[in-house]
Amino acid sequence: ESYVLRKRAYVGILFHYYQDHYQSTFARLGITRIDIDNLSLQDRIRLVTEVAPLDVEVSLATQHQQQWDRQELNNDVRDVHHLCMAIPYCGVVLTESYWVDKIRREKLDAKYGTQVSSDLSILLQL
């Protein structure tokens with residue numbers, strides 16, 4: 001349950017961060033604040049998670065935050081940032097095994113049809 005709550009909280013953070021972009025898009029579409037307030041919680045969450053890079057960020061960041069026994073590395077935020085674009089838009093993604101595990105736990109590889117590996121020899125199989 002705490003995982004689901006952390007995931008929801010991260011969605012809230014992203015929605016807040018991109019609030020101006022969402023508001024301008026809603027305005028162009030004729031969607032009002034009242035329309036948004038009337039959405040179910042699940043539909044509000046989908047406003048973020050239906051955007052592929054944000055979906056990947058929510059999933060990986062939440063998985064990463066659960067890894068209590070691993071020291072935070074300086075490049076972890078950059079890794080998530082790059083994987084957010086690579087996973088939904090690339091056919092093959094090579095990354096360290098730590099992230100391969102997180103991607104597979106969230107089934108992001110299957111969701112976006114991306115081959116994910118930490119083994120460079122995968123390139124020979126293409």
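I took exposed to mean over 50% relative accessible area, buried to mean under 20%, and partly exposed to mean in between. The model I worked on is predicted.

Entry 1, surface patch. I looked up Leu 120 and found it in the segment after strand E2, which covers 115-117. Leu 120 has 60% relative accessibility, so I logged it as exposed. I then checked for nonpolar neighbours on the surface. Leu 120 forms a nonpolar patch there with Leu 94 and Leu 123. Together the three have about 270 Å² of accessible area.

A pair of aromatic rings is described by the distance of the centres and the angle of the planes. How many aromatic pairs does the rule give? I counted four. One is Phe 15 with Tyr 22, whose ring centres lie 4.7 Å apart with the planes at 35°. Stacked needs an angle under 30 degrees and edge-to-face one over 60, so I put this pair down as tilted. I also noted the pair of Tyr 98 and Trp 99, with 4.9 Å centre to centre and 80° between the planes.

Is Phe 15 buried, partly exposed or exposed? Phe 15 is at 22% relative accessibility and therefore counts as partly exposed. Tyr 98, at 13%, is buried. Trp 99 has a relative accessible area of 0% and is buried too.

I recorded one aromatic cluster formed by Phe 15, Tyr 22 and Phe 26.

Technical notes: Residues are numbered from 1 along each chain as its sequence is written. This is a predicted model: local features need pLDDT of at least 70, side-chain atom pairs count only at pLDDT 80 or more; totals for chains, interfaces and linings use all residues. Side-chain values use heavy atoms; hydrogens and water are left out. Patches are made of residues with over 30% relative accessible area and no salt bridge: like charges are joined within 9 Å, nonpolar side chains (Val, Leu, Ile, Met, Phe, Trp, Tyr) within 5 Å. Accessible areas come from the Shrake-Rupley method with a 1.4 Å probe; for residues, only the protein chains shown count as cover. A salt bridge is a side-chain nitrogen of Lys or Arg within 4 Å of a carboxyl oxygen of Asp or Glu. Helices (H or I, at least four residues) and strands (E, at least two) are DSSP runs, numbered from the N terminus. Buried means under 20% relative accessible area, exposed over 50%, partly exposed in between (1.4 Å probe, protein chains only). Rings of Phe, Tyr and Trp (its six-membered ring) pair if their centres lie within 6.5 Å; planes under 30 degrees apart count as stacked, over 60 as edge-to-face and the rest as tilted.
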